[in-house]
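Have a look at the picture first, then read on.

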Amino acid sequence: MTASSGLSDATATTAESGAGDFRTHGSAIGVLVVDDDFMVARVHRAFVERVEPFRVVGAAGTGEQALAAVGELRPDLVLLDLYLPDVFGLDVIPKLRAAGHDCDVMVISAAREADAVRGAVRHGVVDYLLKPFEFEDLRVRLERYAAQRGRLLGTVVRSQADVDRVLAGAAAPTPSVPALPKGMSVETAELVERVLRGADGTLSASECAALTGVSRVSARRYLEHFHTVGSVDVSLRYGVAGRPERRYRLRDAVTGRALPPAARP
């Protein structure tokens with residue numbers, strides 16, 4: 001690759017190393033990072049590389065470089081900043097389509113203007129993430145994109161139900177992740193949530209503790225937090241003696257109703 005290709009140094013390095021040949025790596029999803037700030041692009045790249053099955057195939061710092069990089073590296077997904085030095089980021093998307101590129105685009109920008117968000121929706125972006133953000137914010141969106149992409153690639157349309165199933169996945173809202181109270185970890189919260197999601201009915205704090213390996217006090221604290229933020233329903237089971245036992249069940253993120261065993265994924 002020569003300097004006249006118009007690609008940034010980061011992109012040139014990636015392509016020359018062979019990382020751009022992501023199609024040879026099975027189900028890897030190739031990502032192009034577009035941001036005019038080299039250090040920000042490096043952070044985004046590191047975040048993406050932590051999420052399977054994503055692989056960064058290159059980086060670009062301008063709209064012109066992004067168009068050249070997509071043509072050469074053929075990524076599946078472009079992480080696109082909007083405040084580029086040569087063009088507004090959304091103007092890159094119709095140029096990609098005019099050139100015949102069908103890669104998906106996820107906006108990652110500090111642009112909070114309603115017009116920018118509406119324009120992104122009109123251009124068919126798969127998601128819109130505001131800067132600054134944490135790794136978990138991007139991870140959730142990448143994993144959701146990977147799942148939706150898998151559905152689209154594997155779907156055989158036999159009926160309207162098949163179409164509705166795919167579109168329902170595309171329209172799924174990003175789950176709200178309230179900040180955890182001090183002393184609580186994301187990892188333990190995710191563990192407790194997975195146990196709740198897989199439970200056959202309701203769980204008590206003691207049962208949750210046994211399934212997760214945390215103490216009963218810790219399990220109760222996480223369960224009560226989930227109840228406080230509205231993601232868990234609580235019911236009471238009355239025994240022969242003593243106080244009633246509190247039972248917990250995960251709520252459906254879409255309907256807001258408690259998930260019965262048959263409705264679990």
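Where does Glu52 lie? Glu52 lies in the loop between helix 2 and strand 2; helices (H or I, at least four residues) and strands (E, at least two) are DSSP runs, numbered from the N terminus. Keep in mind that this is a predicted model, where local features need pLDDT of at least 70 and side-chain atom pairs count only at pLDDT 80 or more, while totals for chains, interfaces and linings use all residues. Residues are numbered from 1 along each chain as its sequence is written, and side-chain values use heavy atoms, with hydrogens and water left out.

**Around Glu52**
- Glu52 counts as exposed, at 55% relative accessibility (buried is under 20% relative accessible area, exposed over 50%, partly exposed in between, with a 1.4 Å probe and protein chains only).
- Glu52 and Ala146 are 94 residues apart along the chain, and their C-alpha atoms are separated by 9.1 Å.

**Strand 1 and its partners**
- Strand 1 (residues 29-34) is largely enclosed by the rest of the structure, because 6 of its 6 residues are buried.
- Ile29, Val31 and Val33 point one way from strand 1, while Gly30, Leu32 and Val34 point the other way.
- Strand 1 runs parallel to strand 2 (residues 54-60), joined by 6 bridges (strands pair if DSSP finds at least two bridges between them), and Val33 stands opposite Ala59.
- Strand 1 also pairs with strand 3 (residues 77-80) in the parallel sense, over 4 bridges, with Val34 opposite Leu80.

**Salt bridges**
- The whole structure holds 16 salt bridges (a side-chain nitrogen of Lys or Arg within 4 Å of a carboxyl oxygen of Asp or Glu).
- Lys131 and Asp35 form one of them, with their closest N and O atoms 2.5 Å apart.
- That pair links distant parts of the chain, as Lys131 and Asp35 are 96 residues apart.
- Lys131 is buried at 17% relative accessibility, and Asp35 is buried at 5%.
- Arg144 and Asp127 meet in a salt bridge of 2.4 Å, N to O; Arg144 lies in helix 6 and Asp127 in strand 5, so the pair ties together parts 17 residues apart in sequence.
- Glu136, Arg139, Glu143 and Glu190 are linked in a network of salt bridges.
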